[in-house]
Each structure stands twice: as structure tokens, then as C-alpha cells.
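Student: Could you take me through how helix packing and burial are read from a model, with the general idea before the particular case?

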Amino acid sequence: MKNLKKYLNWKLVYFLLAIMIVPKPAFAMHIMEGFLPVEWAIFWWAVSIPFLVIGFRSIRKTIVENPETKMMLGLSGAFAFVLSALKIPSVTGSCSHPTGVGLGTILFGPMAMSVVGFIVLLFQALLLAHGGLTTLGANTVSMAIVGPLIAYGVYKGATKMGLSFSWAVFLAAALGDLGTYVVTSIQLALAFPSDVGGFFASFTKFSGIFAITQIPLAISEGILTVVIMNFLQKYNLAELKALKVFKKGAEQQ
């Protein structure tokens, strides 16, 4: 009976994730295909490659040491894919969306999440026309590299400060989300500086466009990530211990 309940709970999570996918025309914060000048597209690709190499090694090491965590790695990818595929209308005809990278970052670390995020962005570009191949490097840097690094730093910092597990997860997911959009605004401002005011004026414009919708989205993503992590803590504690989410196997609240 206990195993059946655990199975049904997993099915419920996957069902909720699945119904959240709403096909829409791509018009969102992923930088779209062909939008960046060639030199900037190449630059961001070059920046992303070393992180991907390290990330592949990190994932391989984790899977070899803890093969039972494969399902959770897949869940992390599905969570990021679903959340970052949601497009919420923003001002000036543009859109915002969550990123979903906080969950996988807490479980597997930022380097592993760089690869997971890259795969998510690749499939979205190919299947949903969300983002693009030429801009894949730039989108990877913002969502799959910098976002997880911020989330990881916040999570570790909040833990050392003595905050509860739920608060640490919430802050990590929310600030990792916001960090992604700050980096994307920087990328766009570098590629398209304003004629008056240069980089800073352009950055203010790009970041301001998404602030109204992105802040509540970040808060919502933080809360949802806490819900998922509490679920995993309840039903998959052994895997969390193997991934060293908890020190010495101790549960946290």
C-alpha cells in the first residue's frame, strides 16, 4: 500500500507538470533566433562550452556513484523544460517566463545543471521555436550557467546563515530566476547599446520591460520549488542523502 501511494504521488507530479505545457507562439525572454549580431552569438557560445564540458563530467560522476538518482535528474530536466516553456505576457508586447533551474541546482549542483539547461534550451529551440540555435550559447549562459550559479550560491549562503531548508530553497530558486533575466538584459544591452546613454540606458530599458511580471514569477517559482523539494524530502530521502543535499543524512525543515 505504501509503494502504491508513493507511485500515485509521483504520477500526480508528472501529471501536473504535463498539463502546465501550453503551446504558444514563441515570443519570450529566450533570445530569439538570429537576433544577436554574429560576433556576440559566437562569443557567448565560446563562454558556454567550458561549463558544458565540466558539467558532463559532473553528471557522469554522479550517475556512476549514485545510479539511483537518474530519475531525479530526469525530473530536474522536465521541471526546467516545463517552467521555462511557459510564456506569460509582459509589457510592450513581450513575455516573461520562469526558469526552473533552482531545483536541479540544489540536487545536482550548478555545473550539472548547465548541461541539463543546455539540453532543455536545445529542445525548446528545435521543438517549440522558443529561443534559437545561433543564440543557444547566450541563452545557455544566462539560464543554464549564471542562473544556477546564483541559485547555488544563495542556497549555500542561506544554509550557512541558519535559515530553514524551505527558505534556502525558496531564495535560491527565486533569485536564480531573477539573475537569469539580469544577465539576459546585460547580453542584449551589450549587443544593442542605446544611442543616448549607451550600455546603461539600454540595460535599464531591457531589464525594466520584464520587471513587472518577472518578480511575481520568481516568487511563484520559489514557492513551487519548495513544494517539490518537500515532496522529494518526504518520499525520496535516500536519494537526497546520496546527493548530499543534507549533511550526514539529517533531515531539515
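Student: At what angle do the axes of helix H7 and helix H8 cross?

Tutor: Helices here are DSSP runs of H or I with at least four residues, numbered from the N terminus, and axes are lines fitted to C-alpha atoms over the stretch in contact, with angles from 0 to 180 degrees between N-to-C directions. In this predicted model, where local features need pLDDT of at least 70, side-chain atom pairs count only at pLDDT 80 or more, while totals for chains, interfaces and linings use all residues. Residues are numbered from 1 along each chain as its sequence is written, and side-chain values use heavy atoms, leaving out hydrogens and water. The axes of H7 (residues 165-191) and H8 (residues 198-235) come within 7 Å and cross at roughly 155 degrees, which makes H7 roughly antiparallel to H8 (over 145 degrees). The residues of their contact comprise 21 nonpolar, 9 polar and 2 charged, where Ala, Val, Leu, Ile, Met, Phe, Trp, Tyr, Cys and Pro count as nonpolar, Asp, Glu, Lys and Arg as charged, and the others, Gly among them, as polar.

Student: How many residues of helix H4 are buried?

Tutor: Buried means under 20% relative accessible area, with a 1.4 Å probe and protein chains only. In H4 (residues 101-108), 8 of the 8 residues are buried, so this helix is largely enclosed by the rest of the structure; Gly-109, which follows H4, has a positive phi near 95 degrees.

Student: Which residues have the most contacts inside the largest nonpolar core?

Tutor: Such a core joins buried Ala, Val, Leu, Ile, Met, Phe, Trp, Tyr and Cys residues through side-chain atoms within 4.5 Å. The largest has 44 residues, and Leu-107, Tyr-155, Met-229, Leu-232 and Val-245 have the most contacts inside it.

How values were computed
Helices (H or I, at least four residues) and strands (E, at least two) are DSSP runs, numbered from the N terminus. Angles under 35 degrees count as roughly parallel, over 145 as roughly antiparallel, 65 to 115 as roughly perpendicular and the rest as oblique. Buried means under 20% relative accessible area, exposed over 50%, partly exposed in between (1.4 Å probe, protein chains only).
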